[in-house]
Amino acid sequence: MKTVLLALLENALAEAREKGFLKDTERPPLVLEVPKREDQGDFATTLALSLAKTQKKAPREVAAELVSLLEGRSDAVQKIEVAGPGYINFYMTQQFWLESLLTVHRERSNYGHCDLGENKKVHIEFVSANPTGPLHVASGRSAALGDALGHLLTAVGYRVSREYYLNDIGVQMTLLGRSTYLRYRELFGETVTLPEESYQGDYIIDIAKKLKERDGEAYLQGTETKHLPVFISYSYETIIGWIREVLDRFGVDFDTWFSEREIHEKKEVDAALARLKSKGMLYQEEGATWVSTTKYGDDKDRVVIKSDGRKTYFASDVAYHRNKFERGYDRVINILGADHHGYVGRLKAVVAAMGYAPDRLTVITHQLVNLLREGVAVKMSKRAGDFVPLQEVIDEVGVDATRFFFLMRRSDTAVDFDLELAKKASNENPVYYVQYAYARLCSIVRVAEEQGWDLSKTIQETKLEDLRSLNLDEERALIKQLAQYPEMIRGAAEALEPHRITFYLQALAGMLHSYYFKCRVVTEDRAQTHARLVLIAAVRIVLKNGLDLLGITAPERM
RNA sequence: GCGCCUGUAGCUCAAUUGGAUAGAGCGCCGGCCUCCGAAGCCGGAGGUUAGGGGUUCAAUUCCCUUCAGGCGCACCA
């Protein structure tokens with residue numbers, strides 16, 4: 001959209017040099033922004049302000065020179081002015097804006113997409129909660145964020161894979177199995193004492209009951225050690241089932257589920273350690289094997305093989321990340337809760353130590369979700385069984401509202417999630433404001449069609465001249481907002497910040513609502529109705545596109 | 001003690017990556033349905049951007065510092 005202006009600026013700079021207005025210094029980056037206020041133009045640049053210093057001239061003087069070289073060079077531009085300390089403000093012609101409106105209809109569900117990602121492969125790992133219990137609300141934030149990011153990156157031209165990493169081996173699996181085993185014996189009337197470190201939530205009892213139903217008394221005789229594998233695998237499979245189910249309901253679809261156990265079985269940990277060794281990054285000390293992550297900025301070196309010969313969890317993660325890169329991903333994104341942020345340094349360090357360019361790995365840490373119940377903090381511990389499952393929130397608040405709630409926040413702010421408040425507030429959730437705008441537009445279209453309008457045919461046959469009547473302030477504002485959508489998407493993708501989409505959509509919905517109140521779309525005036533239908537249909541497309549990226553439904557009625 | 005994140009309207013959060021007069025929602029006050037959906041619209045009150053210093057034409061944004069909150073600092077996973 002801005003390309004016309006950027007080219008103009010480029011030319012003006014070149015000419016200015018030729019004519020000797022400007023000394024041939026390094027060209028500052030050309031930046032065009034959209035001013036907040038109408039009377040500051042449709043676009044503005046601070047070019048003259050940033051040039052002023054190197055040119056040793058007054059900013060307004062530089063601006064005036066540039067303007068003289070810009071004026072009359074493009075029929076998309078109506079007026080150019082110098083304002084304030086040296087801004088150059090551009091006012092675009094109506095034609096320019098109407099063309100941008102038609103672009104929305106030309107591209108429809110692809111409107112806002114681009115090829116920023118150059119078809120590169122991106123791997124996004126998220127949620128990855130231990131399979132030792134149902135997902136809790138906090139995982140919902142990770143799920144919503146990762147999924148929306150996936151949609152967003154797909155839209156800007158990446159090939160995205162979503163992956164869940166399963167910690168399906170190690171002490172917590174053993175603990176899980178033992179917890180179920182004890183509950184199982186309890187079901188037969190035994191009094192058991194649950195060790196403090198065992199999983200104590202009621203869901204363990206449910207698993208034990210199901211196993212009892214299936215296999216009866218089969219595990220009462222014989223030692224715990226003998227039966228443990230059954231209890232581990234049964235508990236694990238059951239829980240994975242729950243996790244998949246709730247994620248499915250939440251609208252999150254993982255392409256792959258990656259098993260930590262497999263990475264051990266396939267000797268990939270050894271391969272990763274060998275790679276580190278070949279780079280001279282490993283050393284022995286006090287009977288353990290360490291990796292020199294400090295050479296790449298970590299706080300301290302890390303143990304990969306303990307003195308008892310067992311590999312650390314970190315060793316698996318090293319292997320896992322080697323695996324990601326070896327699978328051919330150009331970019332690897334890892335979404336972690338802030339409680340794991342201490343992990344980022346060593347992860348980035350070890351990736352660099354293995355010889356992969358460190359900027360190929362991006363770790364997004366999102367701050368934690370503080371759970372409240374009527375204003376009082378709930379201590380969440382899966383082990384003690386005191387936590388609010390994501391399932392419960394979805395049931396009571398709904399998928400759309402929950403997703404929107406999490407996606408409204410920048411990931412590095414902590415959020416309070418008050419279950420009681422969320423239930424009360426669900427009717428006031430901003431998501432309904434956006435969805436209502438969409439439903440309202442669908443309703444207008446229905447009315448128009450009842451009166452004989454064929455929307456798609458009308459749009460198809462629309463010429464720019466048919467839209468000339470769209471010159472109310474509200475209409476111009478709407479069109480400008482629509483025109484900004486592609487750039488908003490691009491910016492959100494570059495910054496990996498899906499929350500920008502939620503704010504954009506709220507703004508667009510707000511503009512639509514007030515336009516609706518002020519102007520009637522379907523009237524006796526055929527020409528005006530035609531133009532307005534084209535406008536609101538474009539709004540409808542953009543609302544839908546944005547909601548799709550967030551994984552939120554766009555209901556035609558509500 | 002060290003490190004990371006955060007501090008913006010009463011509350012929950014934005015702010016075009018350093019730009020012009022810091023914006024929304026909720027809540028509060030006052031208006032608007034004979035009319036395409038009132039889950040909506042219009043108006044009002046509400047701010048020393050935690051405090052202090054610095055960098056420059058320009059700072060909520062970058063640097064230093066103080067204070068406050070969250071999280072992390074294992075041969076655990």
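This is a predicted model: local features need pLDDT of at least 70, side-chain atom pairs count only at pLDDT 80 or more; totals for chains, interfaces and linings use all residues.
Biologist: Which residue in S12 is the bridge partner of Ile 335?

Modeller: Ile 364.

Biologist: What's the strand order of the sheet they belong to?

Modeller: S7-S6-S5-S11-S12. It is an open sheet of 5 strands, with parallel pairing. Strand S7 (256-259) and strand S12 (361-366) are the edge strands, and each pairs on one side only. On average, neighbouring strands are turned by 25° against each other, direction ignored.

Biologist: Which strands does helix H12 touch?

Modeller: S11 and S12. H12 covers residues 342-353 and packs on the sheet. The helix direction makes about 175° with that of S12.

Biologist: There's another sheet, S8-S9-S10. Is the pairing parallel or antiparallel there?

Modeller: Antiparallel. That sheet is open and has 3 strands. S8 (282-285) and S10 (302-305) stand at the edges with a single partner strand each, so one side of each has no neighbour in the sheet.

Biologist: Switching to domains. What does the assignment give for chain A?

Modeller: Four entries, by number. Domain 1 is 3-92 and domain 2 is 98-115 + 427-550. Domain 3 is 121-166 + 252-366, and domain 4 is 171-249.

Biologist: How far apart are the C-alpha centres of domain 3 and domain 4?

Modeller: 29 Å. Their contact takes 12 residues from domain 3 and 14 residues from domain 4.

Biologist: How much area do domain 3 and domain 4 bury between them?

Modeller: About 1200 Å². Carbon and sulfur atoms carry 71% of it.

Biologist: Which three residues supply more than any other three on the domain 3 side?

Modeller: Pro 131, Thr 132 and Trp 257. They supply 45% of the area that domain 3 buries against domain 4.

Biologist: Now the helices. At what angle do the axes of H18 and H19 cross?

Modeller: Roughly 170°. H18 is residues 473-495, H19 is residues 499-518, and their axes come within 9 Å.

Biologist: Why call that roughly antiparallel?

Modeller: Angles over 145 degrees count as roughly antiparallel. H18 and H19 therefore qualify.

Biologist: Which residues meet there?

Modeller: From H18, they include Leu 478, Leu 482, Tyr 485 and Met 488. From H19, they include Ile 501, Tyr 504, Leu 508 and Met 511. The residues of the contact divide into 15 nonpolar, 2 polar and 4 charged.

Biologist: Last one. Where is Gln 506 placed?

Modeller: In helix H19.

Biologist: Leaving aside neighbours within four places in sequence, what is Gln 506 in contact with?

Modeller: Phe 404, Met 408, Pro 430, Tyr 433 and Val 434. Also, the C-alpha atoms of Gln 506 and Ala 437 are separated by 9.5 Å. Those two residues are 69 residues apart along the chain.

Note on methods:
Residues are numbered from 1 along each chain as its sequence is written. Chains are lettered from A and ligands numbered from 1 in the order in which they are written. Side-chain values use heavy atoms; hydrogens and water are left out. Two strands pair if DSSP finds at least two bridges between them. Helices (H or I, at least four residues) and strands (E, at least two) are DSSP runs, numbered from the N terminus. Axes are lines fitted to C-alpha atoms, for helices over the stretch in contact, and angles run from 0 to 180 degrees between N-to-C directions. Contact means heavy atoms within 4.5 Å. Angles under 35 degrees count as roughly parallel, over 145 as roughly antiparallel, 65 to 115 as roughly perpendicular and the rest as oblique. Ala, Val, Leu, Ile, Met, Phe, Trp, Tyr, Cys and Pro count as nonpolar, Asp, Glu, Lys and Arg as charged, and the others, Gly among them, as polar. Domain bounds come from an automatic or database domain assignment. Buried area is the accessible area (1.4 Å probe) that two parts lose on being put together, summed over both.
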